[in-house]
Amino acid sequence: MTQPATGRSLGLLVCLDCRATVRDVQAVHSRCPRCHARLHRRKPHSLVITTILVVCAAALYVPANVLPVMDTRTIFDDERDTIMSGVLVLLDSGSWPIALLVFIASIVVPLLKILALGVLLYTAWRRSPRRRLQRSRLFRMVEFIGRWSMLDIYAISLLATLVQVQSFANVIVGWGAWAFAAVVVLTLLAARTFDERLLWDTPPHE
Amino acid sequence: MPGVIVCPACDLAHRLTAAPAGGRRQCARCRAPLQRPENASIDTAIALAVCALVLLMLSNAYPLVAMHVNGSSRDTTLIGAAIGLYVQGFESLAALVFLTTVVAPLLQIMTLLYVLVPLRRGRRAPGQNPVLRVLARVRPWNFMEVFMLGALVALVRLSNFAHIAAGVSLWSCALLMLCLSALSSVTSTDQLWRWVEGSRP
């Protein structure tokens with residue numbers, strides 16, 4: 001099978017800032033002639049940086065789900081909600097579409113993202129030539145859905161701002177929210193530092 | 001280098017032929033979008049940016065939602081959500097919310113106006129390239145549509161024990177979200193640089 005013509009084989013780079021196609025001049029600090037952004041053949045240290053970010057995100061996923069994200073204090077009781085119990089509260093109040101939305105955005109999506117990035121990193125480290133199109137699509141899906149996990153953080157921030165009725169009800173943000181936001185931001189950054197071209201650099205069927 | 005485009009997602013080189021029907025082109029190997037139809041005018045982009053700027057100011061000047069419970073009431077603006085977190089001692093969380101709902105949209109609008117208004121008259125703004133790089137960095141952090149959905153979730157949770165009234169800002173935020181996504185789609189990176197190159201004296 002003949003090798004397809006790639007930027008690498010033709011000595012061409014693509015500027016990730018302005019998408020210009022540039023001749024690879026092999027300089028240490030080359031810059032894009034159009035937008036002057038730094039040029040790299042591949043994102044520098046992509047796999048190492050992405051792995052560190054994903055490991056940190058996976059570690060923080062535990063406190064994000066175990067610690068309370070929100071503490072609702074009323075004159076009657078003191079209710080600590082984790083992300084999951086927040087979903088159950090929504091379900092109890094009869095708004096199951098919203099409960100489902102929060103469940104997917106806050107529990108399913110972050111977990112899937114961490115797992116998907118793990119699979120992508122593992123296969124990229126191993127330079128696996130298999131199922132490259134599927135992995136490329138998986139990566140694009142991770143990139144696309146990642147931002148929606150921030151939903152709960154915004155909901156909590158609005159609740160904490162609004163529910164401050166003197167001695168009647170107060171919502172206090174919990175450290176679970178901090179850990180959860182950190183998971184979301186770390187996975188968003190990991191998706192940005194991962195260079196998808198690494199999935200394609202090994203020629204197929206060797 | 002003219003005549004060739006390299007896929008930013010898989011590095012496959014493509015010969016640039018006449019644009020396919022609809023002007024949309026996919027990478028032959030990884031199916032990532034390579035080219036989108038570019039038919040927006042610079043005037044449309046400027047109009048959308050000005051519109052978004054007005055909506056962003058409205059969203060921060062008027063209350064998003066007001067809550068009435070036991071005779072007392074509280075309301076919050078768009079910026080108020082970040083301030084509420086700050087007051088409770090979660091500075092980093094507040095910074096994240098502030099960045100994604102206020103700073104990123106504002107920077108996106110301002111950098112576009114700064115570059116596009118001179119370009120429309122065939123000139124280049126001083127420091128255009130660094131400003132465009134700031135735009136490219138900041139654009140993925142505009143989370144307006146996620147914020148809207150988050151606000152909806154908060155409203156549903158609150159409506160169980162308090163009377164909730166939607167404020168002017170809720171509508172302006174919704175319009176801002178639509179306006180920003182339209183703005184992003186008419187000012188794709190390729191489109192921006194085509195305008196820049198078209199203005200070359």
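Hi everyone! We are looking at a predicted model, where local features need pLDDT of at least 70, side-chain atom pairs count only at pLDDT 80 or more, and totals for chains, interfaces and linings use all residues. Residues are numbered from 1 along each chain as its sequence is written, while chains are lettered from A and ligands numbered from 1 in the order in which they are written.

Let's start with the sheet in chain A. It is open and antiparallel, with four strands in the order β4-β3-β6-β5. Strands here are DSSP runs of E with at least two residues, helices are runs of H or I with at least four, and both are numbered from the N terminus; two strands pair if DSSP finds at least two bridges between them. Which strands sit at the edges? They are β4 (78–81) and β5 (164–165) of chain A, each pairing on one side only. Two bridges connect β5(A) with the antiparallel β6 (residues 169–173) of chain A, and Val165(A) faces Ala169(A) in β6(A).

Now for Leu198(A), in the segment after α7 (175–193) of chain A. Is Leu198(A) buried or exposed? Leu198(A) is buried, because 21 other C-beta atoms lie within 10 Å; buried means 20 or more, exposed 12 or fewer, partly exposed in between, with C-beta atoms placed from the backbone. Leu198(A) and Lys43(A) are 155 residues apart in sequence, yet 9.4 Å apart in space, C-alpha to C-alpha.

Finally, chain B: its domain assignment gives domain 1 (1–37) and domain 2 (40–192), bounds that come from an automatic or database assignment. The C-alpha centres of these chain B domains lie 32 Å apart.
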